[in-house]
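Me: I would like to learn how to read a few features of a model such as this one, taking the inside before the surface. Could you go through them with me?

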Amino acid sequence: MSLFFFVMTLYVFDISHNAFNVGIFAALTLVPRLFASFYGIIIDRYPRTRILATVSGITGFLLFAMVAMPTLNAIYVLWALTAMFLTCVATTRTALMTELVGSGGFVRGNSMVLLFLNIAKVGAPLIAGVASVLFNIKELFYLTGGLYFMVMLVATQIRLPGKAPIIAGQKSFLEDCKAGLRYMLQNPNVRFLLMIGVLWRLFIGLQISLFVVYIKEYLGGTDAEYGLFMTAIGLGSILGSLAGPRVVRQFRTSTMVFWGLLLHYACFTLLGLLHDFNMALSVAFMGYVIFYATLVGLHSLRDRATQIEMRGRVYGSVTACLTPPAIFSMLAGGYLSDILGVNYVLIGAGLLAIFSFMLLSWNRTFCVEAIDDNHR
């Protein structure tokens, strides 16, 4: 996904030579996530290995077809369709991981998944940059599409230790969607994690579009320094993913979640107060070490708290619920940065994240104590 996103960005810019068109492409990446609840229903209804193989094969075919699109608008339409299948691939992969590792391996399984995803985020631009020198853009599409065909073949060889209940034909799609949402709201741990995710996306999601402004305008950095800053975040994410299992073993889950997220939000807020690039680099690195170590525990709690037959619907619904605040955060963050300045937006967003998370943690409605029962 990271490799393909980089290739698509190059392709759209090469065709249009317009930054706004690249922004439209990035926004279209998020829109299919609004319908992730329906992907989750399909994942719960049918064998997950078969779904992963099917959607990976379709994705590969769509990538091959991308080079034949005659206009930019046609590319947008095909990309929106491709993004839908990519979201389904990601949701299916998460549900399959929980079955493959079993209930005793959630912590290590989530640690490895986050580790490989962060390695991909760091390595994809480098690999794509080298590949773009060796191959033309159409060949890069064929190469990326071929990778998804390989995923399709590998998925057909996956053998699960058990079978998740299949509920095909028992209820309508709407009833299954309601069941997933009802489960999320009634389960205290899942409800707590959903609220954490919504608040994180709302107040911290703007970082994706603002870090380049922060480095280049506020700190007066260069393109190389922006690349170094993003690399430091990626390396911090990798180190945090590796440290996650040890942190989970050392602390009670509620303690880990509370202090881990507060420290992460504090680091984010501190960025707006700094004027030195090296200090900002160190704070961003530490903030993401802490965040991803905490995230390993959060994802493991999510997997323990969700029944196996509900995981597709719950994971899909979570993705759908997190998408609107993420889009709003990016749009509002960019707008407010032009008016107030990017440093004040980072400070304000970080403080709001801290304040809202503390209110959530102290609200007995969300039953934070139930987390420790699962952890034991």
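This is a predicted model: local features need pLDDT of at least 70, side-chain atom pairs count only at pLDDT 80 or more; totals for chains, interfaces and linings use all residues.

Me: Which residues line the largest cavity, and which elements give two or more residues to the lining?

Reply: The lining is made up of Phe 211, Ile 233, His 264, Cys 267, Phe 268, Leu 271, Val 283, Ala 284, Gly 287 and Tyr 288; helix 12 (253–271) and helix 13 (277–305) are the elements that each supply two or more of them.

Me: Is Leu 219 buried or exposed?

Reply: Buried means under 20% relative accessible area, and Leu 219 has 17%, so Leu 219 is buried. Leu 219 sits in the loop between helix 10 (207–218) and helix 11 (223–250), and although 57 residues separate Leu 219 from Asp 276 in sequence, their C-alpha atoms are 7.0 Å apart in space.

Me: Turning to the surface, which residues form the nonpolar patch, and which helix gives the most to it?

Reply: The patch consists of Tyr 335, Leu 336, Ile 339, Leu 340 and Tyr 344, which together have about 560 Å² of accessible area. Helix 14 (residues 311–340) gives the most, with four residues, while Tyr 344 belongs to helix 15 (residues 342–362).

Me: Why does Tyr 344 count as exposed?

Reply: Exposed means over 50% relative accessible area, and Tyr 344 counts as exposed because its relative accessibility is 53%.

Methods: Residues are numbered from 1 along each chain as its sequence is written. Side-chain values use heavy atoms; hydrogens and water are left out. Patches are made of residues with over 30% relative accessible area and no salt bridge: like charges are joined within 9 Å, nonpolar side chains (Val, Leu, Ile, Met, Phe, Trp, Tyr) within 5 Å. Accessible areas come from the Shrake-Rupley method with a 1.4 Å probe; for residues, only the protein chains shown count as cover. A salt bridge is a side-chain nitrogen of Lys or Arg within 4 Å of a carboxyl oxygen of Asp or Glu. Buried means under 20% relative accessible area, exposed over 50%, partly exposed in between (1.4 Å probe, protein chains only). On a 1 Å grid over the protein atoms alone, a cavity is a set of points where a 1.4 Å probe fits but cannot get out, and a pocket is an open set with protein on both sides within 12 Å along at least five of seven lines; lining residues have an atom within 4 Å of a point.
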